[in-house]
Amino acid sequence: MASGIRATIAFSDPGDCPIAATAAQAETPIEQVSTSIGSDTAKSVTEFLAPSDIEPPAGVEPAFSYGTETIYRTVHDGEECCPCECLGNRGCPVHRYNAEDGTLTLVFHASDFETLQTIVGDLRDRYPPVDVQRLLQPPLDGSPEGRVFVNRGRLTDRQLEVLETAYSRGYFERPKRANATELAEELGIAQSTFTEHLMTAQRKLLDDALEVDADRA
């Protein structure tokens, strides 16, 4: 049996994706998503959790209410209107979703690199720009329950630059090879700004790694 490849790809313009549209309407991230296929294999149903006090976009209907949050439902008719449907129709169902700030990030599995290249090429043509954030090929360490998705796309360009600079210059080593003052000067920013960007970047990544619901500043 082929081990396959796990890909993490972000779309800043995900077409008519109902999950991304609802996240934009609610101004909050959406991650709790599930898709099922009924007896009519031409159609599948996606359900996701979002705030109750929104006007859902076209094609999205409330299914179950849990007070301040509601399970919303959308039915796919086989037409490819977003990256999620595109992947499903190519035998690569989505493993994990994250819709936030107009960006849709998907984690999915492809059987091999040739298949992955074909799919990514198709996605680039239909939903540019496409950001391939991570590719992993098993065996992966740890149990499936212990593997989590860390969304690097949540970092701003400046936060990512500060984090990468700090890491490459040995800021996190013991003893440190560079201090905050030196790195801030190298980046042309104040030390307080460097520290703020670094702490925010670390908190965002740790929120994902520890699967903590926190203020996503």
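Predicted model: local features only at pLDDT ≥ 70, side-chain atom pairs only at ≥ 80, totals over all residues.

**Exercise 1.** Determine how strands β6 and β7 are joined.

*Solution.* Begin with the general principle: strands of a sheet pair through backbone hydrogen bonds, either parallel or antiparallel. Next, locate the two strands: β6 covers residues 94–100, and β7 covers residues 103–110. They run antiparallel and are joined by six bridges. Within this pairing, Tyr97 has Leu106 of β7 as its bridge partner. Finally, inspect the connection: the two strands form a hairpin with two residues between them. In the turn, Asp101 has a positive phi of about 50°.

**Exercise 2.** State which strands form the open sheet, and in which order.

*Solution.* The sheet has four strands in the order β6-β7-β1-β8, and their pairing is antiparallel. The edge strands are β6 and β8 (130–136), since each pairs on one side only. On average, neighbouring strands are turned by 15° against each other, direction ignored. Now consider the pairing of β7 with β1 (residues 5–11): seven bridges connect these two strands in the antiparallel sense. Here Ile9 stands opposite Leu106 of β7.

**Exercise 3.** Identify the strands that helix α3 touches.

*Solution.* Helix α3 spans residues 113–126 and packs on the sheet. The helix touches β1, β7 and β8. Its direction makes about 165° with that of β8.

**Exercise 4.** Decide whether strand β6 is mostly covered or mostly uncovered.

*Solution.* A residue is buried when its relative accessible area is under 20%. Five of the seven residues of β6 are buried, so the strand is mostly covered.

Methods
Residues numbered from 1 in each chain as written. Heavy atoms only, no water. Buried < 20%, exposed > 50% of the residue type's maximum accessible area, 1.4 Å probe, protein only. Pairing = 2+ DSSP bridges. Axes fitted to C-alpha atoms, helices over the stretch in contact; angles between N-to-C directions. Contact = heavy atoms within 4.5 Å.
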